[in-house]
Amino acid sequence: FRQGLDALAERLGRGASDIAVDAGLYLDGMVTVHSEAFPDFNLLLSRISDRRHFEGVIQYDHDAVERLRILNETNSLMMMTGHRSYLDFVVRVPFARSGFAREYRFAGANTLIWPFHSVLHSAGIIFIRRGFRDPVYAFVLRQYVGWLTERRANVLWAIEGGRTRTGKLVAPKAGL
């Protein structure tokens, strides 16, 4: 991490200490945990959403989930859903039923609201900016996600899609 910051500072023509300060601030805003003091909020929201909107509608391939569980014994999984469909909440249910560990989820930094941010940081939510124009920010995010995956943490990313005023679907914004 430090070597990457030094190389980035040289490439950007900035001081290494300035880059390190920025990186520390960015990392503080991203780092999250799964606190044992809090329930699995992602699973709780998933079950509520499933019961209220999708119960009996969502079907999944049990054999495919089992193959993923076996793969997950030695690898991280990057799960991707479409946020506009709100399936990002429901996708947790089959994984929980199959014994998967809690995943980390990305959320927009614009949704950080006091006092909930502390609870959400303890529930595996990684708050990220919508744009990555700052190369230091992009570097820190890339390193943090790499660190999580090295430790076999699963990550769920809901791609932002959208609809026009007429209801037509808009192409998703890949971003990450």
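Reader: Which residue just after helix 1 takes a positive phi?

Author: In this predicted model, the residue is Gly13, whose phi is about 70°.

Reader: Why is Arg152 called partly exposed?

Author: The relative accessible area of Arg152 is 42%.

Reader: What makes the buried residues of helix 1 line one face?

Author: Helix 1 comprises residues 2-12, and Leu5, Leu8 and Ala9 are buried in it. Seen down the axis of helix 1, the buried residues fall within an arc of 100°, so they line one face. An α-helix has 3.6 residues a turn, so residues three or four places apart point the same way.

Reader: Which residues does the other face of helix 1 carry, and what covers the buried ones?

Author: The face turned away from the buried side carries Gln3, Glu10 and Arg11, which are exposed. The cover over the buried residues of helix 1 includes helix 2 (16-30) and helix 8 (135-150).

Reader: How do you know whether His34 is buried or exposed?

Author: His34 is found in the loop between helix 2 and helix 3 (41-54). Its relative accessible area is 17%. Buried means under 20%, so His34 counts as buried.

Reader: What is His34 in contact with, neighbours within four places in sequence aside?

Author: With those neighbours left aside, His34 is in contact with Arg102, Glu103, Tyr104, Ser122, Ala123 and Gly124. For Glu103, a polar atom of the His34 side chain lies 3.0 Å from the backbone oxygen.

Reader: Why does Glu103 count as buried, and where does it lie?

Author: Glu103 lies in the loop between helix 6 (92-97) and strand 2. Its relative accessibility is 2%. The limit for buried is under 20%, and Glu103 therefore counts as buried.

Reader: What makes the pairing of the Glu103 and Arg105 side chains a polar contact?

Author: The distance between the two side chains is 2.7 Å. A polar contact requires N or O atoms within 3.5 Å, so the pair formed by Glu103 and Arg105 qualifies.

Reader: Which way do the residues of strand 3 point, and are they buried or exposed?

Author: Ile125 and Phe127 point one way from strand 3, Ile126 and Ile128 point the other way, and all are buried.

Reader: What does strand 2 make with helix 7 and strand 3?

Author: Together with helix 7 (residues 116-121), strand 2 and strand 3 make a right-handed β-α-β unit.

Reader: Why does Met78 count as partly exposed?

Author: Met78 lies in strand 1 (residues 78-82), and its relative accessibility is 40%. Buried is under 20% and exposed is over 50%; the value for Met78 lies in between, and Met78 is therefore partly exposed. Leaving aside neighbours within four places in sequence, Met78 is in contact with Val145 and Val155. Met78 and Tyr104 are 26 residues apart in sequence and 9.6 Å apart in space, C-alpha to C-alpha.

Reader: How many helices and strands does the protein chain have, and what share of its residues is buried?

Author: The protein chain has 8 helices and 5 strands. Buried residues make up 35% of its 176 residues.

Notes: Residues are numbered from 1 along each chain as its sequence is written. This is a predicted model: local features need pLDDT of at least 70, side-chain atom pairs count only at pLDDT 80 or more; totals for chains, interfaces and linings use all residues. Side-chain values use heavy atoms; hydrogens and water are left out. Helices (H or I, at least four residues) and strands (E, at least two) are DSSP runs, numbered from the N terminus. Buried means under 20% relative accessible area, exposed over 50%, partly exposed in between (1.4 Å probe, protein chains only). The arc is that of the directions from the helix axis to the C-beta atoms. Contact means heavy atoms within 4.5 Å. A polar contact is a pair of N or O atoms within 3.5 Å; within protein, one must be able to donate a hydrogen and the other to accept it, and residues adjacent in sequence count only if both atoms are side-chain atoms. A crossover is right-handed if, with the strands pointing away from the viewer, the path from the first strand over the helix to the second runs clockwise.
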